[in-house]
Amino acid sequence: MDLSLTAPPAAPAEHPGDGTPSSAGQQNRMTPGRRIGQAVVYVVLLIASVALLTPFFWMVMSSLKSANEVFSVPINWIPDTFRWHNFVDIWSKSDMVTWIRNTMLLSVVVTFLQLLTGSFAAYGFARIRFPGRDVLFLLYIGTIAVPWQSYMIPQFVMMSKVHLTDTLWAIVLIQAFGAFGVFLMKQFYETIPEELSEAARLDGLSEYAIWRRIMLPLSVPALASLGLITFVTTWNDYLGPLIYLRTPSNWTIQLGLQSFISSLYDANYALMFTGLTISVIPIAVIFLLGQRYFVEGIASSGLKG
Amino acid sequence: MSFILPNFLGFGLLTLVPVVTLFYMSLTNWNVFGTSQWVGLDNFKRLVHDRSFHTAVTNTFYYSAMHIPLTLVVSLSLALLLNTKLRGVAFFRTAAFFPYITSIVAIAMVWNIMFSPDAGPINALLRFVGVDHPPGWLTSTHWAMPAVAIVSTWRDMGYYMILFLAGLQTVPRELYEAARIDGASAWQRFRNVTLPGLRPTTFFITVILTINSFKIFDLILVLTHGGPGQSTTVISQFIYTKGFTESQFGYASAASVVLFALCLLVTLVVFLINKRRDA
């Protein structure tokens, strides 16, 4: 009845109790019932992982196929020959360079502005008393529950009055001043002991200097969370660019890829997958490197909601 | 106040002012030339009789009725499984969260091909397990919306799982120990310790999950573009079409007010239910 709990999840999960050699000395105290329970948990997690990751596997594999291999019957999960050339062709067959340049520019500028104004305002909300502060903050929180889709029309009309539609500025403006950033930073600032800023104040530091020299350095983890989340959100945004950006030279990667498909005269879906894979790679790298900050940012924004 | 000013300028001009303007615009016949006349409640009266708006509202509710319970159950179950000290949990958390940070465009396009009735992997799998006539998914008026709900649940569950996991950390360990000593079964511990302890989290998640379901748009736009026919057209797409395709900004604003009101209503109702249970 020994189950090898130190083996990879798949091994004990498949056939509970068929005599896998035991290497789980420290697990001796578990009852058979709990072991079966754990095995079930692993089976469930394994199935869920496969379900979660299969679309990505399919995307990457298809990006290396030939044009008519994508729809082959029966399904070819792994291409017969890997066509790495797709990853060269895509650059000449589409405007990927322009799209990536625009998207990168937007993501960097928006992230910078969001971090700067967000942490600045959060300091004001967290540490400085002024009349109407709490009402104002409530207003900030309230708009998080208002979907952008419900006020995109008046926002667009206002932007067109000042002739900012069809410019990258429009995207910067609609993305950079989110209430979410202020909320996230304020929550973090409130965990920093008030005495620190009190001491600094006694030493004659101005409020600005306190923010710059004490709060900012202490809030690096929160800034990392907010920065990563903002960058990814801007990179992935589709609706904003769809509504505001008309001229192809202004397109972002999401908009570009979407139109690339409809313009494919030979319906080369393999090449579409190549473009998608390239668009996902930067996000995947950022996510794997900064996963901890993503999870912490999401989790802390949810806790107090 | 000077600290708040830079952010507030942007926030006020780009969020607060549009939200307030929305209500004014919904009472006018604002059009592409920017000329507008006060029409009172005419736009709203028109909405009441607009069949395509009815379809959009029905479809939005239909989608929400599938997406909300499904996501709640799946993400809570996963969070409970991950809240144990098992090997491989970190890997699974990464896998579960990855779809959420991938762009809607990439996700929608990949699933679009995966759902292909004849050559897609999903129906290949279904045939493999013995389903003779698998559904046409995105090409079928009956199956398109369930397909959308499947994709969006697949995408969102990692996000809500993280929120549930964070909530589970706030349930005191001693309560579980006490319940175990009293001989409570796993199900009883879940019913009487976990669920009550999770209530604030569940409240928060239900609110954002519902708002996110009501405003569903970009996924549908890329996945089905509202079709086939009008079978997956939702409120947001109605707003988009009336506003940006047909330039009826006043009429589109009236539909936006409805979306706004629905989200507000949900927040209030869930808030009140939560409050009554507290009392």
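Tutor: A salt bridge is a side-chain nitrogen of Lys or Arg within 4 Å of a carboxyl oxygen of Asp or Glu. Keep in mind that this is a predicted model, in which local features need pLDDT of at least 70 and side-chain atom pairs count only at pLDDT 80 or more, while totals for chains, interfaces and linings use all residues. Residues are numbered from 1 along each chain as its sequence is written, chains are lettered from A and ligands numbered from 1 in the order in which they are written, and side-chain values use heavy atoms, with hydrogens and water left out.

Student: How many salt bridges are counted between chain B and chain A?

Tutor: The count between these two chains is zero.

Student: What area do chain B and chain A bury between them?

Tutor: Buried area is the accessible area (1.4 Å probe) that two parts lose on being put together, summed over both. For chain B and chain A it is about 7300 Å², with 81% of it on carbon and sulfur atoms.

Student: Which helix gives the largest share of the side of chain B that touches chain A?

Tutor: Helices are DSSP runs (H or I, at least four residues), numbered from the N terminus. Here helix α1 (residues 5–25) of chain B gives the largest share, 15 residues.

Student: How many nonpolar, polar and charged residues does that side of chain B have?

Tutor: Ala, Val, Leu, Ile, Met, Phe, Trp, Tyr, Cys and Pro count as nonpolar, Asp, Glu, Lys and Arg as charged, and the others, Gly among them, as polar. By this division, the side of chain B that touches chain A has 56 nonpolar, 17 polar and five charged residues.

Student: How many residues does the contact take from each chain?

Tutor: With contact meaning heavy atoms within 4.5 Å, it takes 78 residues from chain B and 86 residues from chain A.

Key. Helix = DSSP H or I, 4+ residues; strand = E, 2+ residues; numbered from the N terminus.
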